[in-house]
Amino acid sequence: MPGKELHKRKQSIIGQFPRGSKSIIRRRDDEGGIELGEGADEWTQAKTLIKPPDQLDLTDAELKEEITRILTANNPHAPQNIVRYSFKERAYKQMSVVEQLAVHFTLCGNLIFRDSDEGRRQSLRQSTMSAVVPVTTSFVVEDLEEDVELKEDTSQATLMPAAPEEQEEQEQEPEQEQPRPRLIQERKLTNQFNFSERASQTYNNPIRDRACQMEPPPRATFSANANQWEIYDDYVEELQKLEKSKEKEKQKAPVSKKQDKTRGRKLTSLESQSDDITKVAKAAKIVERMVNQNTFDDVAQDFKYFEDTSDDYRDNLGTLLPLWKFQYDKAKRLAVTALCWNPKYKDLFIVGHGSYDFVKQSRGMLLLYTLKNPSFPEYIFNSESGIMCADVHVDHPYLIVVGFYDGNVAIYNLKKPASSQPGYKSSAKHGKHTDPVWQVKWQKDDMDNNLNFFSVSSDGRIVSWTLVKNELVHTDVIKLLVEGTTVEGPEGLQLQTIGCGTSFDFHKKIDYLFLVGTEEGKIYKCSKSYSSQFLDIFDAHHMAVDAVNWNPFHSKVFISCSSDWTVKIWDHTIKTPMFIYDLNSAVGDVAWAPYSSTVFAAVTTDGKAHVFDLSVNKYEAICIQAVVAKKKNKLTHIQFNPIYPIVIIGDERGHVICLKLSPNLRKMPKEKKGQEVQKGPEVEIAKLDKLLNLVREPAAKTSK
């Protein structure tokens, strides 16, 4: 019988394995039907620990001691001193990030689709190979047992007589159709000793879409036809413009030189093209500023956000951080002779170029820079004589008054930048100075609402200039006569020595009061009302007074600097100075800070900037910093920005350097818990009064 033969075959296969290896064959638990792997009973047996002979004998405390070890993912063999070339900084820089990945094994392979022809061939090959190779593992024996049981069932079914209907169906089936051989399922080889299959799935963050809806830009359809007569009309309009420009030239004074003729021809061509240029000018300026902002992005970030945290460890000392450097190629050989911020546009400042060397006098230039475009000036005005001073009108920020080396004064109008010539200029007929104009200042309009400004010169005259209609009308306010220097001339004439004015400043609150510094080192306190005599005379310095400035907060205090290396702080009611500072070099300019009554800065000819804060240190500067090279260059002027914590400094080579004040140089009172910090001019006046009282007290005691 076939069934008995199968049973004998099964016994023969099982008989090949030894009887003692029953644990190799998998068993089923009678109760739960759970498969138990090999070695299931080993955990019940007692295990004996084998102690090596060289093991250390430790106490219970040492055994219980916890030893922590920190495992890091750093590769100890990874090099820490890799150097790469930085194209941005143009230097070799050490790399801070080092790859810590260590590869232990790599295997390159290919993936083949199962449904492809090659995949089917390989799967058939693997199935045939697994069927041919004899395997003596437990799961193969189990498969054989299942196959034997299936064959017994089929043999019993064949022995049973089939129904007549089934026989008919079997006869109808073609003989060619035979059942395909069942492929043996591939099983994954697992660790038979201690195996547990684990799996984990990472959390995928959901993807979010963000969108915003905006109004569509306005659209307009434009259509036109270009005909012959329309083209003709355009040409006629262009010819009319050229004729008008020629008529304007004829009305002007006749041109004498050939160079001026060529200039006039160029102007006509430019005027004809002006309509096209003006349309693009605004857009081009915006693009230029965007490009500059990207170019100087690091400097702009420092200007806006950088605060020097090292000031906390400097004991009230501060530093100046260099930001931008403004320079123009055509003004390289001209010194910076004037600096002034625009009162309305806080990022715009005026630079006057000339020469302090009286032997090398040449042309001058007036440039206007903005912090938004450090690479090129916004406005450029050329002059035949060197510019020595400049000032901007408070109410009309487009009007700039300028004093020249040849003694003339002029007014430039920024609303008419196309013409490089000033709108109003003095002449020899209308009372111009005979010596260089050292300082000009706008004043309040007169009774008839005419624009008014003052000028001081080395010829000893202080002149008030009024803009009446289209002319500059001058009136001499006062002459700087030196007392006690009368000399008898021929025929009994009495001659007096005239003082040379170098600087002046008007009081912030008292309109008629102003100070004048001279080359003799004296400071005159004058009044607009009295032209015959001075209110007071201060024997201030031994050399020329380079600058005089009233304190912006305190009405009695002013400061002066001189080429005799000193800076002095005065009370105009007392003839002796309150504070004297020796800076070891000639002082070119001094300026009060707009945010504090006790902070001022000065520049010297040795290339250094000095910043003082009397409330922090009454004896020394809290910042002394070299701005330019000592031997090759000299500093000429300094100005504080009215809003931002920056200063601009000019030098003899035509460069203007912008520097940012560190936090220690602009200390404000700290807020206390539950108390509001008092701010305003009254607090600043009280702060400076407190310092002045310390100086005044000894003098008061001696007078008593």
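How many bridges join strand β15 to strand β16, and in which direction do these strands run? In this predicted model, five bridges link β15, residues 452–457, to β16, residues 461–468, and the two strands run antiparallel. Within this pairing, Val456 has Ile462 of β16 as its bridge partner.

The β15 and β16 strands belong to an open sheet of four strands, ordered β14-β15-β16-β17, with antiparallel pairing. The edges are formed by β14 (437–443) and β17 (471–479), each of which pairs on one side only. From one strand to the next, the twist averages 25°. In general, strands of a sheet pair through backbone hydrogen bonds, in either a parallel or an antiparallel manner.

Cysteine residues were examined next. A disulfide is a covalent bond between the sulfur atoms of two cysteines. A search of the whole structure returned zero disulfides. Cys340 is classed as buried because its relative accessibility, 12%, lies under the 20% cut-off. Cys389 has a relative accessible area of 5% and is therefore also classed as buried.

On the surface, a nonpolar patch is formed by Val83, Tyr85, Phe87 and Tyr92, which together have about 500 Å² of accessible area. One of these residues, Tyr85, is located in strand β3, residues 83–86.

Definitions and conventions: Residues numbered from 1 in each chain as written. Predicted model: local features only at pLDDT ≥ 70, side-chain atom pairs only at ≥ 80, totals over all residues. Heavy atoms only, no water. Pairing = 2+ DSSP bridges. Axes fitted to C-alpha atoms, helices over the stretch in contact; angles between N-to-C directions. Disulfide = S-S within 2.5 Å. Buried < 20%, exposed > 50% of the residue type's maximum accessible area, 1.4 Å probe, protein only. Patch = residues over 30% accessible without salt bridge, like charges linked within 9 Å, V, L, I, M, F, W, Y side chains within 5 Å. Areas by Shrake-Rupley, 256 points an atom, 1.4 Å probe, with all protein chains shown as cover. Salt bridge = Lys/Arg side-chain N within 4 Å of Asp/Glu carboxyl O.
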